[in-house]
Amino acid sequence: MSTGHPFPDLHGAATGVGSLPGTDAREAARTSTGALEHLPFLPELPARGPGADMIGRSAGLLVELFAQTEPSGWRFADRPGRDTRRAHSWLGEDLDALEEFTQGYQGALKVQAVGPWTLAANIELKHGEKALADPGACRDIAGSLTEGLRRHLAEVRKRVPGAEVVLQLDEPSLPAVLAGQVRTASGFQRLRAVDRQVAEEVLRELIRGLDAPVVVHSCAPDVPVPLLRRAGVAGISLDFSLLTERQDDDLGEAVEGGTVILAGVVPATDQAVSDPAGSVQGVRTLWRRLGFAPELLGRRVLVTPACGLAGASPAYARRALSLAARAARSLVDNPE
């Protein structure tokens, strides 16, 4: 079913979702590369302000489309302004730091960007309605994002030549987009649901246009696993606490089809968590329920925090990534 690139063959791997606390790019790169041996990631530091936030950072990747902050949030503009320049500058700073801490690195490396549907649900058109209300604007965003991501991936490979780059598309708004739950710019009404086939086609085209395995991350309930698989994702990243048994069949088929599951099990904000093996007990339980061989577990499931770590303390963020790494290891050492 997959039309995209396969996920790297990793064994007992963990990674972060994307964001870290603080504003120091070098400290963030040191944390990511130090804690995560098999799949470090390019950190995002939203505490720096507009342009470093999830939407602004990815708006900065768009080609020939520009966005700026208004009192209501992000809105498309005619030309690049201060917010675009900031987004570019911070991304450059983050790439410099990553390059410094990955000298001689050979292996998988993850970068993140917001997917086309979440961008369309969060950026307004010039006249003030969400881009999601305009099918043509949605297509334009996806096309512009594809080109921007091609350039971004090429830049990452130039700076870390030994990297096998994995791209994570953040789509927290996708379930709401499909369910007709995205509010209009006024907030008084909801925009019409996007047809599932259209949503799938847009994602498939984007994934086909990129020379990298693509993971879709969503820490919302009701992640549309079959739709993502048909679109060609190599992996699906989700908050494990939001799964219900009615998603067993979808997840089982995904694993059977070769899709990697990134299980968000480590709390994303400061909590006392001391037992790495215990944090993945639910993963083992699901695996048994699905009837898969225990030795496959450490290859098909990666461990992550439940969501980004921007709201955590720096000390807890470091601990959460180390915990994820130890929990991933325990899935290999004690799969049952």
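Is Cys138 buried or exposed? In this predicted model, Cys138 is buried, and its relative accessible area is 6%. The close-ups below take up a helix crossing, a helix face, a disulfide and a loop serine.

**View 1. Helix H9 crosses helix H11 at roughly 85°.**
H9 spans residues 248-256 and H11 spans residues 281-290. Their axes come within 10 Å. From H9, the contact uses Asp248, Leu251, Gly252 and Val255. From H11, Leu286, Trp287, Arg289 and Leu290 take part. By residue type, the contact of H9 with H11 divides into 5 nonpolar, 1 polar and 2 charged.

**View 2. The buried residues of H9 line one face of the helix.**
Asp248, Leu251, Gly252, Ala254 and Val255 are buried in H9. Seen down the helix axis, the buried residues of H9 fall within an arc of 160°, so they line one face. On the other side of H9, Asp249 and Glu256 are exposed. What do the buried residues of H9 pack against? Their partners are helix H8 (225-231), strand E8 (260-266), H11 and helix H12 (297-300). Just after H9 comes Gly258, with a positive phi of about 100°.

**View 3. A disulfide joins Cys219 to Cys307.**
A search of the whole structure finds 1 disulfide. The S to S distance between Cys219 and Cys307 is 2.3 Å. This pair links distant parts of the chain, 88 residues apart. Cys219 sits in the loop between strand E6 (214-218) and H8. Cys307 sits in the loop between strand E9 (301-305) and helix H13 (314-333). How accessible are the two cysteines? Cys219 has a relative accessible area of 24%, so it counts as partly exposed. Cys307, at 25%, is also partly exposed.

**View 4. Ser173 lies in a loop and counts as buried.**
Where is Ser173 found? The loop that holds Ser173 runs between strand E5 (163-170) and helix H6 (174-179). Relative accessibility of Ser173 is 15%. Buried means under 20%, so Ser173 qualifies. Leaving out residues up to four places away in sequence, Ser173 touches Thr118, Ala121 and Asn122.

Terms used. Residues are numbered from 1 along each chain as its sequence is written. This is a predicted model: local features need pLDDT of at least 70, side-chain atom pairs count only at pLDDT 80 or more; totals for chains, interfaces and linings use all residues. Side-chain values use heavy atoms; hydrogens and water are left out. Axes are lines fitted to C-alpha atoms, for helices over the stretch in contact, and angles run from 0 to 180 degrees between N-to-C directions. Helices (H or I, at least four residues) and strands (E, at least two) are DSSP runs, numbered from the N terminus. Contact means heavy atoms within 4.5 Å. Ala, Val, Leu, Ile, Met, Phe, Trp, Tyr, Cys and Pro count as nonpolar, Asp, Glu, Lys and Arg as charged, and the others, Gly among them, as polar. Buried means under 20% relative accessible area, exposed over 50%, partly exposed in between (1.4 Å probe, protein chains only). The arc is that of the directions from the helix axis to the C-beta atoms. A disulfide is a pair of cysteine sulfur atoms within 2.5 Å.
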